[in-house]
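Welcome, and take a moment to look over the model below. We will walk through it together, one part at a time.

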Amino acid sequence: MSTPGTPSFEEFVASRGDALWRSAWLLTGDGHLAEDLVQAALAKAWPHFDRTGPGFEAYVRRVMFTTYAAWWRRRWNGERPTAELPERSAEVADLDGRRDLVAALAQLPKGQRAVVVLRWFEDLTEAQAAQTLGVSVGTVKSQSARALRSLRSLLDPKEPGDDRPA
């Protein structure tokens with residue numbers, strides 16, 4: 001039961017579900033896995049809804065990232081339906097660039113990908129990302145540096161015979 005003026009669990013899911021799904025999609029690179037991840041995180045977090053108050057979204061995100069990490073450690077390979085392609089967004093601005101970025105993100109190690117999603121897609125500070133992932137700020141910094149170096153090389157590989165510095 002929520003207090004007057006605070007949203008119910010259903011209202012929270014309705015208002016923040018899309019943002020949670022986007023984060024999950026950036027982590028997993030798969031729409032169906034993203035839905036599974038958000039549902040798993042919400043199912044785990046729901047019993048704590050009344051106790052967490054206004055920090056519930058941060059709590060759900062932490063659960064989502066720890067669940068993602070647990071799936072990765074187990075090498076979780078659930079079903080991946082492929083009979084139909086997902087619908088494309090009507091927005092096609094820089095679709096190739098977006099596709100390249102998602103492909104490059106998919107090549108990063110899971111920890112680096114989580115840091116990139118939290119820092120640059122969710123716009124969290126280093127401290128907030130560290131708290132969400134349950135690691136030190138130094139780990140977030142080092143993972144960020146490695147991830148950005150990898151993304152730069154994946155998105156702008158040096159051509160053979162190119163004299164530009166890498």
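Which residues are buried in H2? Before the reply, a word on what you are looking at: this is a predicted model, in which local features need pLDDT of at least 70 and side-chain atom pairs count only at pLDDT 80 or more, while totals for chains, interfaces and linings use all residues. Residues are numbered from 1 along each chain as its sequence is written, and side-chain values use heavy atoms, with hydrogens and water left out.

Now to H2. Its buried residues are Leu33, Ala34, Leu37, Val38, Ala41, Leu42 and Ala45. They sit on the same side of H2, because they cover an arc of only 165° around the axis; the arc is that of the directions from the helix axis to the C-beta atoms. Here buried means under 20% relative accessible area, exposed over 50%, and partly exposed in between (1.4 Å probe, protein chains only). On the face of H2 turned away from the buried side you will find the exposed residues Gln39 and Ala43.

H2 has 15 residues, and from its first C-alpha to its last it reaches 21 Å, close to the 21 Å expected at 1.5 Å a residue. The expected span of a helix is 1.5 Å times one less than its number of residues. Also in H2, which covers residues 31–45, is glutamate 35. This glutamate 35 counts as partly exposed because its relative accessibility is 40%. Between glutamate 35 and leucine 20 there are 9.2 Å in space, C-alpha to C-alpha, and the two are 15 residues apart in sequence.

Let us step back to the whole protein. It has eight helices and zero strands, and along the sequence the pattern reads α-α-α-α-α-α-α-α. Helices (H or I, at least four residues) and strands (E, at least two) are DSSP runs, numbered from the N terminus. Of the 166 residues in the protein, 30% are buried. Among contacts with a separation of 6 or more, 60% are between residues 24 or more positions apart, where contact means heavy atoms within 4.5 Å. The accessible surface comes to about 10,900 Å², and carbon and sulfur atoms hold 54% of that; these areas come from the Shrake-Rupley method with a 1.4 Å probe, and for residues only the protein chains shown count as cover.

Next, the charged pairs. Side chains of opposite charge can pair when their charged atoms come close. How many salt bridges does a search of the whole structure find? The search finds three, a salt bridge being a side-chain nitrogen of Lys or Arg within 4 Å of a carboxyl oxygen of Asp or Glu. One of them joins arginine 16 and glutamate 57 at 2.9 Å, N to O. Arginine 16 lies in helix H1 (residues 9–28) and glutamate 57 in helix H4 (residues 56–73), so this pair ties together parts that are 41 residues apart in sequence.

Glutamate 57 also meets arginine 61 in a salt bridge, at 3.1 Å, N to O. These two are separated by about one helical turn, because they are four residues apart in helix H4. Arginine 61 in turn forms a salt bridge with glutamate 122, whose closest N and O atoms are 3.1 Å apart. That pair links distant parts of the chain, since glutamate 122 is in the loop between H6 and helix H7 (126–133), 61 residues from arginine 61 in helix H4. Together, Arg16, Glu57, Arg61 and Glu122 are linked in a network of salt bridges.

Aspartate 123 is exposed, with a relative accessible area of 65%, and its phi is near 60°, a positive value in a residue other than glycine.

Finally, turn to helix H8 (residues 137–155), whose 19 residues should span 27 Å at 1.5 Å a residue; the end C-alpha atoms are 26 Å apart, which agrees. Its buried residues are Val140, Gln143, Ser144, Ala147 and Leu151. An arc of only 110° around the axis covers them, which puts them on the same side of H8. The face turned away from that buried side carries the exposed residues Arg149 and Arg152.
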